[in-house]
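Visitor: Could you walk me through this one? I'd like to talk about charged side chains and then the ligand.

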Amino acid sequence: MLLLGAPGAGKGTQAQVLMAEFAIPQISTGDLLRANIASGTELGLKAKGLMSQGQFVDDETVNSMVAERLTHSDAARGYILDGFPRTLPQADWLDQHLASAGSTQEAALPVPLVLPVIAVSINVAYDQLLQRITGRRTCPACNRSYNVYSQPPLKPGICDVEGAALQQRPDDTEAVFAERMKTFNAQTAPVIDHYRRKGRFEEVDGDQPVEVVTAAIKAALRRLRGQEVPA
Ligand code: AMP
């Protein structure tokens, strides 16, 4: 399943809820890149400057990172892609990657296991996105997300669960957000159109409480899964 939407639309928050519910992993390219930055890999060094300016990391790098992650055994039953694909070449790569995985399986199995992608776009107005991004704080220990305006922790600056000091992402400032929105409109909006045209696509209003958005995504999933042709 793909979760599409602008920075701050709630892709990560929703992916975490759905991951627990469907017992499939959330694969966030932003998290994978930040993990590379934290551990000082070559990829991380390359990504750091681009990310701090709201620019995308190049398609080839991100595609190979995703390809590697998809080989992990926890992704065998399915996965939620959060923040990928973000460009048309990434979407084309994913379409081909899944088609070739499907044909390999079809040769080996009586029932194909790779089902077509389900894409859900979470839509949120610009001002709300800005408030979510600039207010976002994350726990470095458990990755839980808070918002100083709408969902503050019990003690300011401290994770309710882990007691760790909350962090603000360096790209969650107003200036970098404006750049990220420009990049989103130029490069990711066409990806959303790509999946809209392809079908198995739904849009949900993300300008609602988290649980209402989750319920809307699950309703969309039920409708989309109803389109699956029985094997
Ligand atoms: P996110 O955590 O999804 O908001 O991503 C943070 C930043 O990581 C983005 O602004 C990009 O710089 C980079 N990034 C994440 N996913 C991708 C992707 N699919 N393609 C290129 N760059 C990405």
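**Charges and the ligand**

Guide: Arg132 is buried (under 20% relative accessible area, against over 50% for exposed and partly exposed in between, with a 1.4 Å probe and protein chains only), yet Arg132 has no salt bridge, and the nearest side chain of opposite charge, Asp207, is 4.4 Å away. A salt bridge here is a side-chain nitrogen of Lys or Arg within 4 Å of a carboxyl oxygen of Asp or Glu, and for charge Lys and Arg count as positive, Asp and Glu as negative, with His and the chain ends not counted. This is a predicted model, in which local features need pLDDT of at least 70 and side-chain atom pairs count only at pLDDT 80 or more, while totals for chains, interfaces and linings use all residues. Residues are numbered from 1 along each chain as its sequence is written, and side-chain values use heavy atoms, with hydrogens and water left out.

Visitor: Are Asp172 and Arg180 buried or exposed?

Guide: Both Asp172 and Arg180 are buried, and they form a salt bridge whose closest N and O atoms are 2.9 Å apart. The two belong to a network of salt bridges that also links Arg136, Arg169 and Asp171.

Visitor: Switching to the ligand, how many residues surround it?

Guide: The ligand is surrounded by 16 residues, the closest being Thr29, Arg34, Gln55, Arg86 and Gln90, where near means having a heavy atom within 4 Å. Helix α2 (residues 29-38) gives the largest share of this shell, four residues.

Visitor: What does Arg34 do there, in terms of distance to an oxygen atom of the ligand?

Guide: A polar side-chain atom of Arg34 lies 2.8 Å from a ligand oxygen. Arg34 also meets Asp31 in a salt bridge (2.9 Å, N to O), and both residues lie in helix α2, three residues apart, about one turn of the helix.

Visitor: Which backbone atom is 2.9 Å from a nitrogen atom of the ligand?

Guide: That is a polar backbone atom of Gly83.

Technical notes: Polar contact = N/O pair within 3.5 Å; in protein donor to acceptor, adjacent residues only side chain to side chain. Helix = DSSP H or I, 4+ residues; strand = E, 2+ residues; numbered from the N terminus.
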